[in-house]
Amino acid sequence: MLMSPPSTIEILNRLLVLHVRSLPMYLSYAPPYQLYQHENAKAVLDQIVDDQKRTIDRLGTLILDSSGTIDYGEFPMSFTSLHDLSLAYLLTLLIDRQQKTITACEKLADALSMAPYAQAAAREAVGEAKGHLENLQELQASLN
C-alpha cells in the first residue's frame, strides 16, 4: 500500500515542533543552575530562543494561512533529567541536538519543493540553526 507524501502543513508542523520543543527552548522554561552562573552561555541560549520564537511565529502563520492546525508536540521526557549537569556537558548535548536538528530541518525543507514560500521559510530556519550551532561551538571552545 502506497502512502501519500506528507502535506505542506504536516511538514511545517514538524519544523515547528523541532523549534518549539528544542532543548534551548526547554532550558528557557526550566533553566539549570549552571546556566545562571555563566553570562555568555545564558546570552547565547537567550539569542537562540529569541530566534526560535520568531521562527515558530513564522511557521505558525504559514500553517494557519494554509487553513491548517498547529501541532506544538511535547518536550522529550529525557529533558527533565538535565538540571544538575555541568555546563560543559550540557553544551555537548546542545551541540549534538543542534546538529541533528539541522539535518532534520534540511530534509523537511527539501520536502517542501512544491511550496516555494514555505520552503524559503524552512531554508531560512536551516540557516539560522547553522548560525546557532556555530555560536554553541564557539561558546564550548571558550570554556576549554
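A polar contact, as I use the term here, is a pair of N or O atoms within 3.5 Å; within protein, one atom must be able to donate a hydrogen and the other to accept it, and residues adjacent in sequence count only if both atoms are side-chain atoms.

**Entry: ground rules.** I am looking at a predicted model, in which local features need pLDDT of at least 70 and side-chain atom pairs count only at pLDDT 80 or more, while totals for chains, interfaces and linings use all residues. Residues are numbered from 1 along each chain as its sequence is written, and side-chain values use heavy atoms, with hydrogens and water left out.

**Entry: Asp51.** I looked up Asp51 and found that its side chain makes a polar contact with the side chain of His132, at 2.8 Å. Asp51 lies in helix H4 (helices are DSSP runs of H or I with at least four residues, numbered from the N terminus). I noted Asp51 as buried because its relative accessible area is 9% (buried means under 20%, exposed over 50%, and partly exposed in between, with a 1.4 Å probe and protein chains only). Leaving aside residues up to four places away in sequence, Asp51 touches Glu128 and His132 (contact means heavy atoms within 4.5 Å).

**Entry: Asn13.** What does the side chain of Asn13 reach at 2.9 Å? I found that the side chain of Asn13 reaches the backbone oxygen of Thr69. Again not counting residues up to four places away in sequence, Asn13 touches Ile63, Thr69, Ile70 and Asp71.

**Entry: aromatic rings.** I searched the whole structure and recorded four aromatic pairs (rings of Phe, Tyr and Trp, the last by its six-membered ring, pair if their centres lie within 6.5 Å; planes under 30 degrees apart count as stacked, over 60 as edge-to-face and the rest as tilted). The rings of Tyr26 and Phe75 have centres 5.2 Å apart and planes at 70°, so I call this pair edge-to-face. Because Tyr26 lies in helix H2 and Phe75 in the loop between helix H4 (39-65) and H5, the pair ties together parts that are 49 residues apart in sequence. Tyr26 counts as buried at 11% relative accessibility, whereas Phe75 is partly exposed, with a relative accessible area of 21%. The rings of Phe75 and Phe79 have centres 6.3 Å apart and planes at 50°, so this pair is tilted. Phe79 is buried, with a relative accessible area of 1%. I also noted that ring pairs link Tyr26, Tyr29, Phe75 and Phe79 into a cluster.

**Entry: Ser67.** Most residues other than glycine have a negative phi. I therefore marked Ser67, because at 69% relative accessibility it counts as exposed, and I recorded that its phi is near 60°, a positive value in a residue other than glycine. Ser67 is found in the loop between H4 and H5.

**Entry: the lining of the largest pocket.** A pocket is an open set of points on a 1 Å grid over the protein atoms alone, where a 1.4 Å probe fits, with protein on both sides within 12 Å along at least five of seven lines; lining residues have an atom within 4 Å of a point. I counted 15 residues lining the largest pocket, and Leu18, Arg21, Ser22, Arg97 and Thr101 lie nearest its centre. Which helix gives the most to the lining of the largest pocket? I found that H5 does, with six residues.

Technical notes:
Helix = DSSP H or I, 4+ residues; strand = E, 2+ residues; numbered from the N terminus.
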